[in-house]
Amino acid sequence: MDSSKINFEKQNGLVPAIVQDATTRQVLMLGYMNKEAVERTLKSGKVTFYSRSRQEIWVKGETSGNTLNLIDIYPDCDNDTLLVMATPEGPTCHTGNYNCFATKKTSIMEFLPQLQSVIEQRKNEMPAGSYTTSLFEKGIDKIAQKVGEEAVETVIEAKNTNDKLLLNESADLIFHLMVLLSKRNLSIEKVEEILITRHK
């Protein structure tokens, strides 16, 4: 992106920057950027803002470690607002919430993409002691086997009368399926796209 095309003069050298999770498409936060912040973001790959209260440049997550890894920046039609596509490393909000707008209970439509992001992070970083890491270390055959086991257990519980057990096995099945998809460099969103196409 060419920062020279952005209209910084309209709002006294600043433009609003809406940050969106590139994987889940959820809006994470709103910040402000000046020209230097935009250029630093493009150069470093870490989303950087201008603090209006402190009147200084700051890198999101520089202290907490919860950085935003830049994917791309898109100016709006007037070139005075930016859409920043990024991949978050941990929660974006200082409160520990996934985003700065978490004012109600997370819905299933929000949580599954969040879970997908965590699974992708585990695959990339492979932290020791993580169950998800252990699955990736075992490889595609073992992960597929685990999906099969969870599917069988879900069918068994479907024939019984304990709803709680059925729901728990269903959750296990979905989680392991998401790990399998990730191992194949796919995602639950790709499955959702097919379902949407079929519905149409």
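Biologist: In this predicted model, how do the axes of helix α4 and helix α5 cross?

Modeller: The axes of α4 (residues 140–158) and α5 (residues 163–183) come within 8 Å. They cross at roughly 160°.

Biologist: What makes α4 roughly antiparallel to α5?

Modeller: Angles over 145 degrees count as roughly antiparallel. The crossing is at roughly 160°. Therefore α4 is roughly antiparallel to α5.

Biologist: Which residues meet there, and of what class?

Modeller: In α4 they include Ile140, Ile143 and Val147. In α5 they include Leu165, Leu173 and His176. By class, the contact has twelve nonpolar, three polar and seven charged residues.

Biologist: How many aromatic pairs does the whole structure have?

Modeller: A search finds two. One of them joins Phe49 and Trp58, 5.3 Å centre to centre.

Biologist: Why is the pair of Phe49 and Trp58 called tilted?

Modeller: Planes under 30 degrees apart count as stacked, and over 60 as edge-to-face. The planes of Phe49 and Trp58 are 35° apart.

Biologist: How do you know whether Phe49 and Trp58 are buried or partly exposed?

Modeller: Buried means under 20% relative accessible area. Phe49 has 0%, so Phe49 is buried. Trp58 has 24%, so Trp58 counts as partly exposed.

Biologist: Where is Cys100, and why is Cys100 called partly exposed?

Modeller: Cys100 lies in the loop between β6 (82–88) and α2 (108–125).

Biologist: What is Cys100 in contact with, leaving aside its neighbours within four places in sequence?

Modeller: Cys100 then touches Leu28, Met29 and Cys93.

Conventions. Residues are numbered from 1 along each chain as its sequence is written. This is a predicted model: local features need pLDDT of at least 70, side-chain atom pairs count only at pLDDT 80 or more; totals for chains, interfaces and linings use all residues. Side-chain values use heavy atoms; hydrogens and water are left out. Rings of Phe, Tyr and Trp (its six-membered ring) pair if their centres lie within 6.5 Å; planes under 30 degrees apart count as stacked, over 60 as edge-to-face and the rest as tilted. Buried means under 20% relative accessible area, exposed over 50%, partly exposed in between (1.4 Å probe, protein chains only). Axes are lines fitted to C-alpha atoms, for helices over the stretch in contact, and angles run from 0 to 180 degrees between N-to-C directions. Helices (H or I, at least four residues) and strands (E, at least two) are DSSP runs, numbered from the N terminus. Angles under 35 degrees count as roughly parallel, over 145 as roughly antiparallel, 65 to 115 as roughly perpendicular and the rest as oblique. Contact means heavy atoms within 4.5 Å. Ala, Val, Leu, Ile, Met, Phe, Trp, Tyr, Cys and Pro count as nonpolar, Asp, Glu, Lys and Arg as charged, and the others, Gly among them, as polar.
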